Amino acid sequence: MKNYSFELGRRKSSQRQMKVQEILRAALVEILQRGLTKEPLLDNEMITINYVDVSPDLKHVKFFFLPFNEKKKEDFLEAFKRANKVIRREIGQRVHLKYVPTINFVFDNSITCLLYTSDAADEGL
């Protein structure tokens, strides 16, 4: 499988990409809130979708998520992997694009990195 790496913050998204990002984020949030994934972990736990990255051709999307309980990071990744087909089908029913994008879920560790950097800076002072 190809590794589509859309670097966070490295390139400027087009206006169309930004619009599709918001639409896809809203669709995923609705799916998770309604418990349509058929995965108990995803349907019952609190998850924040921090960022959505869409490829320029709108065929690939990465959802950056942060669970309330970060200790279950691997469990969430596995649950998203199992529910990928269901989520993609539900997004296809809600979002009218020429192609339903392939979906990847990525644990967003940017907040953890910020906290680590902040702690390191505090120790240095």
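**Close-ups of the pocket and the sheet**

**View 1. The largest pocket has a volume of about 190 Å³.** This is a predicted model, where local features need pLDDT of at least 70 and side-chain atom pairs count only at pLDDT 80 or more, while totals for chains, interfaces and linings use all residues. Residues are numbered from 1 along each chain as its sequence is written, and side-chain values use heavy atoms, with hydrogens and water left out. A pocket here is an open set of points on a 1 Å grid over the protein atoms alone where a 1.4 Å probe fits, with protein on both sides within 12 Å along at least five of seven lines. Its volume is the space filled by probe spheres set on those points.

**View 2. Here is what lines the largest pocket.** Of its 10 lining residues (those with an atom within 4 Å of a point), Lys81, Asn84, Ile103, Asn104 and Phe105 are the closest to the centre. Helix 3 gives the most, with five residues. Helices (H or I, at least four residues) and strands (E, at least two) are DSSP runs, numbered from the N terminus.

**View 3. Three strands make an open, mixed sheet in the order 1-2-3.** Strand 1 (47–54) and strand 3 (102–107) each have a single partner strand, so one side of each is left without a neighbour in the sheet. Two strands pair if DSSP finds at least two bridges between them.

**View 4. Strand 1 and strand 2 form a hairpin with five residues between them.** In the turn, leucine 58 has a positive phi of about 65°. Threonine 48 faces leucine 66 of strand 2, and aspartate 53 has lysine 62 as its bridge partner. Lysine 62 also has a bridge partner in strand 3, namely asparagine 104.

**View 5. Strand 2 is largely enclosed by the rest of the structure, because eight of its eight residues are buried.** Buried means under 20% relative accessible area, with a 1.4 Å probe and protein chains only. His60, Lys62, Phe64 and Leu66 point one way, and Val61, Phe63, Phe65 and Pro67 the other.

**View 6. Helix 1 (residues 15–34) lies across strand 1, strand 2 and strand 3.** Helix 1 runs at about 150° to strand 1. Helix 3 (residues 73–94) packs on the sheet too, touching strand 1, strand 2 and strand 3; contact means heavy atoms within 4.5 Å. Its direction makes about 155° with that of strand 3. Angles run from 0 to 180 degrees between N-to-C directions, using lines fitted to C-alpha atoms, for helices over the stretch in contact.

Note on methods. Buried means under 20% relative accessible area, exposed over 50%, partly exposed in between (1.4 Å probe, protein chains only).
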